[in-house]
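Here is a short briefing on one predicted model.

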Amino acid sequence: MYIIIVIQSEVAMTVDLLRKGLKINHLRLISTLAQLGSVSEAAEQLGMSQPAASRLAGEIEKITGTPIHERTGRGISMTPAGRLLARRAARILNEISDAGREIQEAREGATGYVRIGSVTG
C-alpha cells in the first residue's frame, strides 16, 4: 500500500491597493478612525457625513478584502489589518504633507545648501 501526500502551495498574491481603487480619502479616514475610535467623530473631523464615512470604510474593506474595524459598545475597534493599514496611512499622509511643505519652501527660495569650510594653519 502506498500513501500519496499532495502538498499544495499557495502563491502569495500582492494586493495592489492603488489599482484596486484606494484613494487619499480612504487613507485619511482609516487613519482618523484609528485615532478617534468612532465613525461619527472621524466623519465630523474630516468634514463628511457619518453615512459617507461608513461608505468609505466599506470601500476600504472591499479593496483590502478584509474587515478593518469591529463595532463595539462605544464606537469601533480596529482589527489587526485595520491597525496595520492605519499606521501606514498615517505615514503616507505625513509624507504627502512633508512634500507639500518642501515644495512650498523651494518656491519661496528657502532651500539650498550651506557649505562650511575652514582653513587650518
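The largest nonpolar core of this predicted model holds 20 residues. Leu 29, Ile 30, Leu 33, Ile 60 and Ile 68 have the most contacts inside that core. Salt bridges are the second topic, and the count is four.

- In soluble globular proteins, nonpolar side chains tend to be buried together.
- Helix H1 (24–36), helix H2 (39–46), H3, strand S2 (75–78) and H4 are the elements that give two or more residues to the core.
- Which element gives the most to this core? H3 does, with five residues.
- Ile 60 is one of the residues with the most contacts inside the core. Setting aside neighbours within four places in sequence, Ile 60 is in contact with His 26, Leu 29, Ile 30, Ile 68 and Leu 85.
- Of those partners, Leu 29, Ile 30 and Ile 68 are also named among the residues with the most contacts inside the core.

- Side chains of opposite charge can pair when their charged atoms come close.
- Glu 59 and Arg 55 form a salt bridge, at 2.5 Å from N to O.
- How many residues apart are Glu 59 and Arg 55 in helix H3? They are four residues apart, and H3 spans residues 50–64. Because of that spacing, about one helical turn separates Glu 59 from Arg 55.
- Glu 59 has 28% relative accessibility, so Glu 59 counts as partly exposed.
- Arg 55 has 48% relative accessibility, so Arg 55 also counts as partly exposed.

- Asp 98 pairs with Arg 101 in a salt bridge, at 3.7 Å from N to O.
- Both Asp 98 and Arg 101 lie in helix H4 (residues 80–107). They are three residues apart, about one turn of the helix.
- Arg 101 also forms a salt bridge with Glu 105, with the closest N and O atoms 3.3 Å apart.
- Glu 105 and Arg 101 lie four residues apart in H4, again about one turn of the helix.
- Which residues do salt bridges with shared partners join into one network? They are Asp 98, Arg 101 and Glu 105.
- Asp 98 is partly exposed, at 32% relative accessibility.
- Arg 101 is partly exposed, at 40%.
- Glu 105 is partly exposed, at 27%.

How values were computed. Residues numbered from 1 in each chain as written. Predicted model: local features only at pLDDT ≥ 70, side-chain atom pairs only at ≥ 80, totals over all residues. Heavy atoms only, no water. Salt bridge = Lys/Arg side-chain N within 4 Å of Asp/Glu carboxyl O. Buried < 20%, exposed > 50% of the residue type's maximum accessible area, 1.4 Å probe, protein only. Core = buried A, V, L, I, M, F, W, Y, C linked by side-chain atoms within 4.5 Å. Contact = heavy atoms within 4.5 Å.
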